[in-house]
Amino acid sequence: MVDTPVRAPAPADMSDLPVLNVRPPRQPLIAVALPVIVVVAILAGWEAWVRIAHVQRYLLPPPTAIAQALAGDPMRFIEAAAVSLGAALGGLLIATMGAFSLGVLMAHSRALERALYPPALLLKVMPIVAVYPLFLIWFGFGIWPRVLIAALITFFPVLVNTVIGLRSVDPQAHDFLRALHASRSQVFWRLRLPSSLPYLFAALRISVPLSLIGAVVAEFLSGASGMGQLILVANGDFDTPALFGAVIVLAALGVSLTVGISYLERRVLDWHESYRGV
Amino acid sequence: MEVRDLSHRYPSSAGEVVALERASLRVGAGEFVSIVGPSGCGKTTLLRAVAGLIAATGGEVRVLGGAPEDAQRAHALGLVTQEPGLLAWRSVEANVRLPLEITGTSADVDALLERVGIAAFARYRPGQLSGGMRQRVALARALAHGPRLLLMDEPFGALDELSREELRLELLALWERERIAVLFVTHAIHEAVLLSDRVVVMSGSPGRIVADVAIDLPRPRSEALESTPRFVALTGEVRAALRDASRGLR
C-alpha cells in the first residue's frame, strides 16, 4: 500500500461537535524559565534604581510598594476585578450572541448584508465615551450601562468574522451537499457552522481584551464601582502603588481570559490547519 | 442520463464566454462514459449541469427521466471532485456517513469502507491521510447513499502517478462489480480508454463534442490490457480526434 497515515490515530468521536483532544505539555523548562528570569531582573533593577536615586513614591513606586498595596488590601482589588470581569464577560456574551445571530442572517442573504452592514459599521465607529452618558441616562448607574458598553465595543469583530466564516466553506464540500439536495439547515449545521468556528475564535481573541477595556472605561466614567472606579480613586489620592496594582490586576485578567480562549480554541479546533502543526 | 443541445454562456470581463456549444450526450443505465478534452473545453461545465449545480443557458438535461433537481431530490447522484471536499472536523467514517444523514437512508458504512480499502482508517481525520486515501474516502462518500449516477470530475487529477494508477484499477474493479452509470471527466486518454464503455472527446472554445468512441474491450479488464494492440489503437483514435479538434481551431 502506497498510502500510509502520517499521524497518530485521532480520537474515536466523530460528531460535528468539538472533539476533546488532550495533549501533553511539550514546553521545555527553559521556555518557562527564561521569561521569569527576565521579569525578575527587571523588577530587581527597578527596585534598586528607585531606592538609590530616591525617586518620589508618587512618581514611581518600587515594586515592593506595589506588592504591599496589592497584599495589604487584596479584597479591594478582587472585588473591583470581579465587578469589571462580570461587566466585560456579560457584554461579550450579549455581543457574541447578538452578532452571531445577525451574522447568520447576513451570511445567507446579500440583501440583508447590504442593508445591515452600514448600521453595524456605525456601531463600530461610534466612540463609546460619547455614547456612555446616554446609556447612564437610560439605564442608570447599575451594571447595565457598563455591560452594554462592553457589548458595543465587541460586537463588530464578532459580526464580521461570523459572516466571513459562514461563507468560507469548502466549495467542493458545498457542491457535494447540493448534489444531494441538502436543505439550508443541513448545510448550516454540517458545513457552515463548523467552518466558521476558526473565524469565531479569531474574533473572540480580539473581543475578549476589548470587552475588558470597555468595562473599565465605563467604570472610569461613571465612578460607581469596579476597576475603573478603583483607578479613579487611586488617581485622586496620588496612590501610585494602587494604580500600578490595578494595571497588574487588569493585565492578569486579560492574560487569563486570552489563555482561556486559546485553551478552548485548541480543544475545539484540533482538526484545523492552525493546530496541526503545519 | 441524457443531455440534448446543451449550451452554456456566461459573461466575463473579456466579454461573453461560450463554455458549451450544443453538446449532446447519453449515458445509459450501468454505462461508464468518459469525457476527455483540453483544459477549459467545458467538460466540467457539462458535468456540473448534469449534477444540477449550474443551470445551463440553453438545451436540456434529463437525468433518470427528470430534471437534475429531481435526481438530486431522489438522492440519485453521487459526486466526486478533484479536490475531495471532505469535512476536516469529521472522521473518515463520519464523512462517509454524511450523505446518509442528509438523505435519511442507511447503509453498511463499515462494509463500504472495506470495499474502497480504508476500513483501517475509519477513525482518522482527513488531514491525517494522504491524497490518495482522501480520494478513496470521497469515493466511498459518493457511493454511500446508493446513487444511480456517479459523476466524477477529474477525481484523480491531483494525485501522484502511483496513487493514480492504484485508484484507477480499484475504481475499475469496483465498477465492474457494481455497474452503476458513471460520467467521468478526465484529461488522461489511457485512463478514459481503460475504464470506459465510451469515450466522448470535446474540443475547447467553444466547448463542443467532436467524437464519441466506443471502447469494445472485453471486461473484466486489467492493466495488462494497456499493451494490447486494440487498446493502443483505441487510444490512438481518441488522440487523433483530440488532435483534429485542436487543429480545426486554428
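## Helix α5 of chain B

The buried residues of α5(B) pack against β5 (77-80), α3 (92-103), α4 (109-115), β6 and α6 of chain B, where helices (H or I, at least four residues) and strands (E, at least two) are DSSP runs numbered from the N terminus. This is a predicted model, in which local features need pLDDT of at least 70 and side-chain atom pairs count only at pLDDT 80 or more, while totals for chains, interfaces and linings use all residues. Residues are numbered from 1 along each chain as its sequence is written, and chains are lettered from A and ligands numbered from 1 in the order in which they are written.

Helix α5 of chain B covers residues 131-143 and is mostly covered itself, with 12 of its 13 residues buried, a residue being buried if 20 or more other C-beta atoms, placed from the backbone, lie within 10 Å of its own. Among the buried residues are G132(B), M133(B), R134(B) and L143(B).

## The two domains of chain B

An automatic or database domain assignment divides chain B into domain 1 (2-76 + 148-249) and domain 2 (89-147). The centres of these two domains of chain B, taken over C-alpha atoms, are separated by 24 Å.

## Where the domains touch

In chain B, 15 residues of domain 1 are in contact with 12 residues of domain 2, contact meaning that the C-beta atoms of two residues, placed from the backbone, lie within 7 Å. On the domain 1 side of this contact, β6 (149-153) and α6 (161-178) of chain B each supply at least two residues, and α6(B) gives the most, with 5 residues.

Terms used
Expected span 1.5 Å × (residues − 1).
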